[in-house]
Amino acid sequence: MNDPQVTKQMELYQSWVSMPLEQAKDEMRSHMVSANIYESLDFDLLNVSESIEEAIGAVFGVEVV
């Protein structure tokens with residue numbers, strides 16, 4: 001069974017993975033602000049992440065392969 005919301009989120013994560021790191025971080029920040037789903041700790045985790053996969057895992061709790 002596919003959940004359309006999960007599918008949409010995974011597509012979003014995959015699009016970030018395909019971007020250069022700083023561009024992906026900017027896109028993540030924009031998404032977090034526009035969706036009103038952020039805390040200051042999330043931005044701290046995002047800022048120190050060395051890969052976008054690491055950032056997605058730290059902020060959203062999702063492993064992207």
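Modeller: Before we look at anything, here is how helix axes are read: axes are lines fitted to C-alpha atoms, for helices over the stretch in contact, and angles run from 0 to 180 degrees between N-to-C directions. Please keep in mind that this is a predicted model, where local features need pLDDT of at least 70, side-chain atom pairs count only at pLDDT 80 or more, and totals for chains, interfaces and linings use all residues. Residues are numbered from 1 along each chain as its sequence is written, and side-chain values use heavy atoms, with hydrogens and water left out.

Biologist: Thanks! At what angle do the axes of H1 and H2 cross?

Modeller: A helix here is a DSSP run (H or I, at least four residues; strands are E, at least two), numbered from the N terminus. The axes of H1 and H2 cross at roughly 145° and come within 9 Å. Contact means heavy atoms within 4.5 Å. H1 brings Gln-9, Leu-12 and Trp-16 to this contact, while H2 brings Ala-24, Glu-27, Met-28 and His-31. Sorted by class, there are four nonpolar, two polar and one charged residues. For these classes, Ala, Val, Leu, Ile, Met, Phe, Trp, Tyr, Cys and Pro count as nonpolar, Asp, Glu, Lys and Arg as charged, and the others, Gly among them, as polar.

Biologist: Which residues have the most contacts inside the largest nonpolar core?

Modeller: The general idea is that nonpolar side chains tend to be buried together in soluble globular proteins. A nonpolar core is a set of buried Ala, Val, Leu, Ile, Met, Phe, Trp, Tyr and Cys residues joined through side-chain atoms within 4.5 Å. Buried means under 20% relative accessible area, exposed over 50%, and partly exposed in between (1.4 Å probe, protein chains only). In this model the largest core has 13 residues, and Trp-16, Met-28, Ile-52, Ile-56 and Phe-60 have the most contacts inside it. H1 (4–17), H2, H3 and H4 (52–60) each supply at least two of its residues, with the largest share, five residues, coming from H4. Leaving aside neighbours within four places in sequence, Met-28 touches Trp-16, Leu-46, Ile-52, Ala-55, Ile-56, Val-59 and Phe-60.

Biologist: How many salt bridges does the structure hold?

Modeller: A salt bridge is a side-chain nitrogen of Lys or Arg within 4 Å of a carboxyl oxygen of Asp or Glu. The structure holds one: Arg-29 pairs with Asp-26, and their closest N and O atoms are 2.9 Å apart. Both residues sit in helix H2, three residues apart, about one turn of the helix. Arg-29 is partly exposed at 23% relative accessibility, and Asp-26 is partly exposed at 44%.

Biologist: And is Asp-42 buried or exposed?

Modeller: Asp-42, in helix H3 (residues 40–48), is buried yet has no salt bridge. For charge, Lys and Arg count as positive and Asp and Glu as negative; His and the chain ends are not counted. The nearest side chain of opposite charge to Asp-42 is Arg-29, 12 Å away. Apart from neighbours within four places in sequence, Asp-42 is in contact with Met-32, Ile-37 and Val-59.

Biologist: What is the phi of Asn-36?

Modeller: Most residues other than glycine have a negative phi. Asn-36 has a phi near 55°, a positive value in a residue other than glycine. Asn-36 lies in the loop between H2 and H3 and counts as exposed, at 61% relative accessibility.
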